[in-house]
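Dear colleague,

Please find below the structure that I am handing over to you. My notes on what was found in it follow directly after.

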Amino acid sequence: MTTAPPTLRITRLGGRIGAVVEGVRLGGELAPSIVAEIRAAALAHKVIFFRDQEHLDEERHEAFGRLLGPLFAHPTVPAADGRYAFPVDSEHGDRANRWHTDVTFVPDYPAFSILRAITIPPYGGNTVWANTATAYALLPEPLRALADGLRAIHTNEFDYAAVRPEADAAQLARFREVFAAVRFRTEHPVVRVHPETGERSLVLGNFVQRFAGIRARDSQLLFELFQGHIERPENTVRWQWRAGDVAMWDNRATQHYAVDDSDGHHRSLRRITVAGEVPVAPDGGESRLLEPAAMPGR
Ligand SMILES: [Fe+2]
């Protein structure tokens with residue numbers, strides 16, 4: 001059996017996370033060998049960036065996503081266009097300037113997120129990604145052992161007004177009536193074993209409410225302890241967007257943060273997510289949905 005030589009050019013951006021991928025025009029008709037290279041690059045570098053993909057529209061963006069697996073529809077926010085495109089738009093008050101992994105308030109949160117830039121402000125509005133696998137691997141051994149045994153409860157019903165005190169009434173209403181229309185609570189292991197790479201990574205971020213069986217004050221201290229290792233600058237990469245850029249990340253091994261520093265300038269992107277697996281802890285325990293009783297629409 002022979003292996004085809006790689007056709008993509010991959011340039012690393014940081015020591016722990018991030019690479020630029022050149023030599024591919026994204027869409028739904030890529031050869032399986034190219035898709036395999038893209039997938040391998042995303043698994044290795046955690047987030048990969050493609051410039052100059054202006055030819056993508058909603059349909060082609062979705063078609064590219066489908067090459068990586070079945071698509072995942074957001075459980076509460078309606079699609080911007082087509083069936084799956086999640087809108088990220090500053091005019092809706094969408095400013096994800098909180099460290100998070102996408103949709104961790106459900107058990108089988110997305111495996112990959114693929115974000116396409118449409119309108120980018122003249123300055124600011126960068127996104128930062130962090131590697132949650134290196135954050136775990138570089139912990140001292142006693143802290144890895146502590147994390148291995150913890151479980152945390154994630155919910156979409158966080159205190160939006162406390163996180164965004166400057167939000168206006170329309171933005172608060174949109175959060176309550178759309179994003180948090182159905183309350184989800186899911187218990188995840190704090191450490192999951194990646195189904196493709198076997199790496200362990202930390203499962204935390206903004207949707208965490210508390211740790212299972214641990215009171216609020218101790219939960220907060222534990223959260224800050226582990227989350228702080230994820231957010232360290234050495235563990236991150238920062239991307240300065242241009243219109244037509246695409247970022248694709250392994251949502252099972254990263255968190256990200258959208259820097260809210262472009263003043264009132266418009267910023268609009270579209271996100272497609274690829275279905276993920278229910279996380280499995282090092283001891284084999286799985287994540288479980290606490291609320292509602294079953295995933296709606298499944
Ligand atoms: Fe996000």
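In general, strands of a sheet pair through backbone hydrogen bonds, either parallel or antiparallel. Here three strands form an open sheet in the order β13-β7-β15, with antiparallel pairing. Its edge strands, each pairing on one side only, are β13 (236-239) and β15. From one strand to the next the twist averages 20°, with axes being lines fitted to C-alpha atoms (for helices over the stretch in contact) and angles running from 0 to 180 degrees between N-to-C directions.

Please note that this is a predicted model, in which local features need pLDDT of at least 70 and side-chain atom pairs count only at pLDDT 80 or more, while totals for chains, interfaces and linings use all residues. Residues are numbered from 1 along each chain as its sequence is written.

As to the protein overall, there are seven helices and 17 strands. The radius of gyration is 19 Å, close to the 19 Å that the globule rule gives for 298 residues, so the protein is as compact as a globular protein of that length; the radius is taken over C-alpha atoms, and the rule is 2.2 Å times the number of residues to the power 0.38. Along the principal axes, the C-alpha atoms fill a box of roughly 50 × 50 × 40 Å. Of the 298 residues, 37% count as buried, that is, with 20 or more other C-beta atoms within 10 Å of their own, whereas 12 or fewer makes a residue exposed and a number in between partly exposed, with C-beta atoms placed from the backbone. Of the contacts with a separation of 6 or more, 82% join residues 24 or more positions apart; a contact requires C-beta atoms, placed from the backbone, within 7 Å.

The largest nonpolar core has 61 residues, of which V190, L202, L204, V246 and M248 touch the most other members. Such a core is a set of buried Ala, Val, Leu, Ile, Met, Phe, Trp, Tyr and Cys residues joined through C-beta atoms within 7 Å. Neighbours within four places in sequence aside, M248 is in contact with A42, I48, F112 and I114. I48 is also among the residues touched by A41, together with L8, I10, A19 and V21, again not counting residues up to four places away. A41 belongs to helix α1 and counts as partly exposed, because it has 19 C-beta neighbours inside 10 Å.

K46, in the loop between α1 (32-45) and β3 (47-50), has a positive phi near 75° although it is not a glycine; K46 is buried, since 26 other C-beta atoms lie within 10 Å. D263, in the loop between β15 (254-258) and β16 (268-274), likewise has a positive phi, of about 55°, without being a glycine, but D263 is exposed, with 10 other C-beta atoms within 10 Å. Finally, the peptide bond from E291 to P292 is cis, with omega near -5°, and P292 is in the segment after β17 (288-291).

With kind regards

Terms used. Two residues are in contact if their C-beta atoms, placed from the backbone, lie within 7 Å. Helices (H or I, at least four residues) and strands (E, at least two) are DSSP runs, numbered from the N terminus. Two strands pair if DSSP finds at least two bridges between them.
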